Amino acid sequence: MAKVKIAVLVSGGGSNLQALLDAERCGELTDGKIELVLSNRADAYALHRAQNAGVCAKVVERKQFASVAEFESVLLAELQSHEIEMVILAGFMCILSSAFTARFPGRMINIHPSLIPAFCGKGFYGLHVHQAALQRGVKLTGATVHYVNEVPDGGEILLQKAVEVREGDTPESLQRRVMEQAEWILLPQAAQMVCRRILSQKA
Ligand code: GRF
């Protein structure tokens, strides 16, 4: 059966990558195959997760290149050499240029740990997002999977899931609950949705 070739771009722990690998293994991500993991950090634990799952994992660090354009051209060459058809940003901490995102229209998605349009855009990453939600005193937060375009966290929304904020939450406890109750569920679902759509467009 034909499957969409997926690359996952990571920078850190890779728990969302793990959710995708688990979904593929359990038969929840039936229409896609994770072929490649690219990290912009050599010390990302996500690289071990890829290796443990037998997925090709490579490091492409921004600092190795003089310009964003050079960095992105190497990323693109890696994607092309694996014939990647869909890109998933799973905690990838680099903002990609419009020239790059335009290469994958409707084929690049990102997971963001809030209910967009709240707490998103430039500066809202990692624990900062949860810190801002707690400071504002929201009672509900959550996660969003969206298509990626040239605006950070600005592409069309695919899926969202709300998560309750609890009395006494810290940014860390809230981050953990948002991951467990939303991110690790939503991202594989969204990946499957997009792969299904890509396959149907090919047929
Ligand atoms: C997640 O919270 C994701 O939403 C955000 O970065 C974090 C990455 O975590 N974009 P992990 O590397 O998947 O564990």
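Reply: Let us begin with one side chain, bearing in mind that the model is predicted. A residue counts as buried when its relative accessible area is under 20%, and L89, with a relative accessible area of 6%, is therefore buried.

Me: Where does L89 sit, and which residues is L89 in contact with, leaving aside its neighbours within four places in sequence?

Reply: L89 belongs to strand β4, which covers residues 86–89. Once the neighbours within four places in sequence are set aside, its contacts are L9, L96, M108, I109, N110, I111 and V148. As for I34, which is 55 residues apart from L89 along the chain, the C-alpha atoms of the two are separated by 13 Å.

Me: How should I read the nonpolar cores, and which residues have the most contacts inside the largest one?

Reply: The idea is to look for buried nonpolar residues that are joined through side-chain atoms within 4.5 Å. Here the largest such core has 43 residues, and those with the most contacts inside it are V8, M86, I88 and I109. Helix α6, residues 171–202, gives the largest share of this core, namely eleven residues. A second, separate core has 20 residues, among them A7, V87, L89 and V148.

Me: What does M86 touch, if residues up to four places away in sequence are not counted?

Reply: With those residues not counted, M86 touches V4, K5, I6 and A7, then R107 and I109, and finally A191, V194, C195 and I198.

Me: Are E83 and D153 buried or exposed?

Reply: The cut-offs are under 20% relative accessible area for buried and over 50% for exposed. E83 has a relative accessible area of 52%, so E83 is exposed, whereas D153 has 13%, so D153 is buried.

Me: Which two residues does a cis peptide bond join?

Reply: The omega angle is the value to inspect: the bond between I116 and P117 is cis, with omega about 20°. P117 is found in the loop between β5 (108–112) and α5 (127–136).

Me: Now for the whole chain: how many helices and strands are there, and what pattern do they follow?

Reply: The protein chain has six helices and seven strands, and reading along the sequence gives the pattern β-α-β-α-β-α-β-α-β-α-β-β-α. Among the contacts with a separation of 6 or more, 66% are between residues 24 or more positions apart.

Me: Why does the radius of gyration of the protein chain agree with a compact globule?

Reply: The comparison is with the value for a compact globule of 203 residues, which would be near 17 Å; the protein chain has 16 Å, and therefore agrees. Its C-alpha atoms fill a box of roughly 50 × 40 × 30 Å along the principal axes, and 49% of the 203 residues count as buried.

Me: What remains to be read from the surface and the charges?

Reply: The protein chain exposes about 9900 Å², of which carbon and sulfur atoms supply 52%. There are 21 positive and 21 negative side chains, and the centres of the two sets lie 1 Å apart.

Methods: Residues are numbered from 1 along each chain as its sequence is written. This is a predicted model: local features need pLDDT of at least 70, side-chain atom pairs count only at pLDDT 80 or more; totals for chains, interfaces and linings use all residues. Side-chain values use heavy atoms; hydrogens and water are left out. Helices (H or I, at least four residues) and strands (E, at least two) are DSSP runs, numbered from the N terminus. The radius of gyration is taken over C-alpha atoms; the globule rule is 2.2 Å times the number of residues to the power 0.38. Buried means under 20% relative accessible area, exposed over 50%, partly exposed in between (1.4 Å probe, protein chains only). Contact means heavy atoms within 4.5 Å. Accessible areas come from the Shrake-Rupley method with a 1.4 Å probe; for residues, only the protein chains shown count as cover. Lys and Arg count as positive and Asp and Glu as negative; His and the chain ends are not counted. The place of a charge is taken as NZ of Lys, CZ of Arg, CG of Asp or CD of Glu.
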